[in-house]
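Hi everyone, thanks for making time today. Let me put the model up on the screen and walk you through it.

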Amino acid sequence: MCGIVGYIGHRDAYPVVLKGLQRLEYRGYDSAGIAIYDGEELKLCKTQGKVADLKEKLENTITTHGNVAIGHTRWATHGVPNDVNSHPHYSNSGDLVIIHNGIIENYDALKKELQTRGYTFKSDTDTEVLVNLIEDVILKENVKLGKAVQIALNQTIGAYAIAVYNKSKPDEIVVARLGSPLAIGVGEDEFFIASDASPFIEFTKNAIYLEDGEMAVIRRNKEVKVRKIQDDTLVDPYLQELQLNLEQIEKGGYDHFMLKEIHEQPTAIKDTYRGRMLPDEGLIRMAGVDDNLERIANAKRILIVACGTSWHAGLVAEYIFEELARIPVEVEYASEFRYRNPIISEKDVIIAISQSGETADTMAAIKLAKEKGAFAFGVCNVVGSSISRETNAGAYTHAGPEIGVASTKAFTTQITVLTLMALKLAKHNGTISNTDFRTYLQELELVPGKIEKALEADEHIKYISDIYKDARNCLYLGRGFNFPVALEGALKLKEISYIHAEGYPAAEMKHGPIALIDEEMPVVVIATKKGHYEKVVSNIQEIKSRKGKIIAIVTEGDTEVRELADHVIEVPETIEPLTPLVTTIPLQLLSYHIAVMLGKNVDQPRNLAKSVTVE
Ligand code: AGP
């Protein structure tokens, strides 16, 4: 997790790298640092805190002039977040400097070995070990930086995206990746390095995404030479044209990225189904499914693996796939799946859901399932991400960049893609009538408008947020398709407001959580019409008779729940399997407003990072 940025070329490197770090702060934000080469000297500044803290410290301590710089924003793994453990890290001689995203698992053994040869270490990090290992190789083998990086990396176990710079060879930066992303922006006589393309999008649309196990030597005004780390084979790099634009990665007038992304959902969902859904022809086109239709439609079982919000989308998908396509589905946390001995056959299809496409646990789960012969399908948002490349086929969500750490539009667009996929398989397998198929497509087309309508409750939700912002706990209940929405609502509240929240299937309340209910306990209940409405109404009665405070998400025009609940938030009606797409909106807004009112950092909640590339 951590973001890395670098620049070598003809412009002032500092503003490029600083801005790039700000854009990558979603990847980690407990400390930051930059090293700048001014033509004579290598200057370095780092600090615990955010990139804004770094800017203040740096501009007061060093000159920012220079055409080469590397920078880092950190999410601590080895060593607490403090100034010393922040990157970049110098080698013992002070000649080399490194930034690193990932974990060197065998760093302790390597460190001990280096210590026996006189190396000393200032920090507790694995990264400082790596930079000294590289220096040791240079000294022992008398090789150039590129070769030394290669030899050193072949001695490591773990994951990395690194950039290394040697001030005595000031015209090159060496980068490498294994398990953590790394993009090289290729401009006119200038090169950019970053964990994703957002730091260089205004400078160039051309990028090389290094593959796992590749490294590159980037020479000022010259070229990028890519090689395989393991066997030194030269690779012909693929220069990709980026589709991303600047507006997509800026706040566009909203106070927070999360709020912007909540409001982007109508458009994001349209972008997800655009070109795929052809209601007039009664068709769904999805290249990744079309090209493998028999394999997927004949799956004995679909296994969904994901983490966090993406896992919740997987739970919704389980209900939808089984309802429509009648294929058995199991949903697992990727982190659990990868470390047991799951029974997987060649007739299984594994669907990996990941906004970032970089989640380490999800990636490992795919690899395991593939090894056992399963067909892997990826549902990712980030184009060109590691998971999208590791899977046999896939479908992008096309939600546009999601920068707020709390996932919002990723969730609804994942559900949209998975609904399209389920419908397509249902049609192929004959488990849905033509009339129902068309009804689904027509209803899906209406969903963006219904979300717009749901967003109109914003002021009312703000009012409710003010009443409950000081609650210490909160319970979320839902049934059927809306049970995963209850889980998601609870996750949103806890991750950005730090209020303890639990999501439960409403009927499970009587098996334990009901003991928590008293007049202090707000209970958010998803009680939309259809499905298990009457049963949920009974659950609401049970809460009311124990004096719990009820905030109910209801279908427009509902009167029954209104009489029981302390507050109701209306959402437009849609067909039951699609209700998560609208019921989730008020829950996102509720957690957003509570977090803002509590003065929390909504876009960068404590201890979290957007892209979880460590296990
Ligand atoms: C949700 O708000 C979180 N940020 C988190 O649970 C996230 O969904 C999870 O880490 C999975 O990320 P991915 O979708 O990028 O794989």
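Of the 615 residues in this protein, 61% count as buried, where buried means under 20% relative accessible area, exposed means over 50%, and partly exposed is in between, with a 1.4 Å probe and protein chains only. Before I go on, please keep in mind that this is a predicted model, in which local features need pLDDT of at least 70 and side-chain atom pairs count only at pLDDT 80 or more, while totals for chains, interfaces and linings use all residues. Residues are numbered from 1 along each chain as its sequence is written, and side-chain values use heavy atoms, with hydrogens and water left out.

Now the overall dimensions. For 615 residues, a compact globule would have a radius of gyration near 25 Å, and the protein's 25 Å agrees with that; the radius is taken over C-alpha atoms, and the globule rule is 2.2 Å times the number of residues to the power 0.38. The C-alpha trace spans about 80 × 55 × 45 Å along its principal axes. The accessible surface comes to about 23500 Å², and carbon and sulfur atoms own 47% of that; the areas come from the Shrake-Rupley method with a 1.4 Å probe, and for residues only the protein chains shown count as cover. Among contacts with a separation of 6 or more, 71% are between residues 24 or more positions apart, a contact being heavy atoms within 4.5 Å.

On to secondary structure. There are 20 helices and 27 strands, both taken as DSSP runs numbered from the N terminus: helices are H or I with at least four residues, strands are E with at least two.

Let's start with strand 12, residues 214–219, where 5 of the 6 residues are buried. Strand 8, residues 172–178, joins strand 12 in the antiparallel sense through 6 bridges; pairing here requires that DSSP finds at least two bridges between two strands. Val175 stands opposite Ala216 of strand 12. Strand 13, residues 224–228, also pairs antiparallel with strand 12, over 5 bridges, and there the partner of Ala216 is Val226. Strands 12 and 13 make a hairpin with 4 residues between them, and Asn221 in the turn has a positive phi of about 60°.

Next, an open sheet of 5 strands, with parallel pairing and the order 19-18-20-21-22. Strand 19 and strand 22 (393–396) are the edge strands, each pairing on one side only. On average, neighbouring strands in this sheet are turned by 20° against each other, direction ignored; the axes are lines fitted to C-alpha atoms, for helices over the stretch in contact, and angles run from 0 to 180 degrees between N-to-C directions.

Strand 18 (301–306) and strand 19 (329–333) run parallel and share 5 bridges, and Ile304 has Val331 as its bridge partner in strand 19. Helix 10 lies across strands 18, 19 and 20, at about 175° to strand 19. Helix 14, residues 409–429, packs on the sheet too, touching strands 18, 20, 21 and 22, with its direction at about 160° to that of strand 20.

The other sheet to show you is also open, with 5 strands in the order 24-23-25-26-27 and parallel pairing. Strand 24 (500–505) and strand 27 (567–571) are at the edges with a single partner strand each, so one side of each has no neighbour in the sheet. The twist averages 20° from one strand to the next. Strand 23, residues 473–478, pairs in parallel with strand 24 over 6 bridges, including the one linking Asn473 to His500. Helix 17, residues 483–497, packs on this sheet, touching strands 23, 24 and 25, with its direction at about 175° to that of strand 24.

Beyond its neighbours within four places in sequence, Gln588 is in contact with Met258, Ile262, Gln265 and Thr408. Thanks, everyone!
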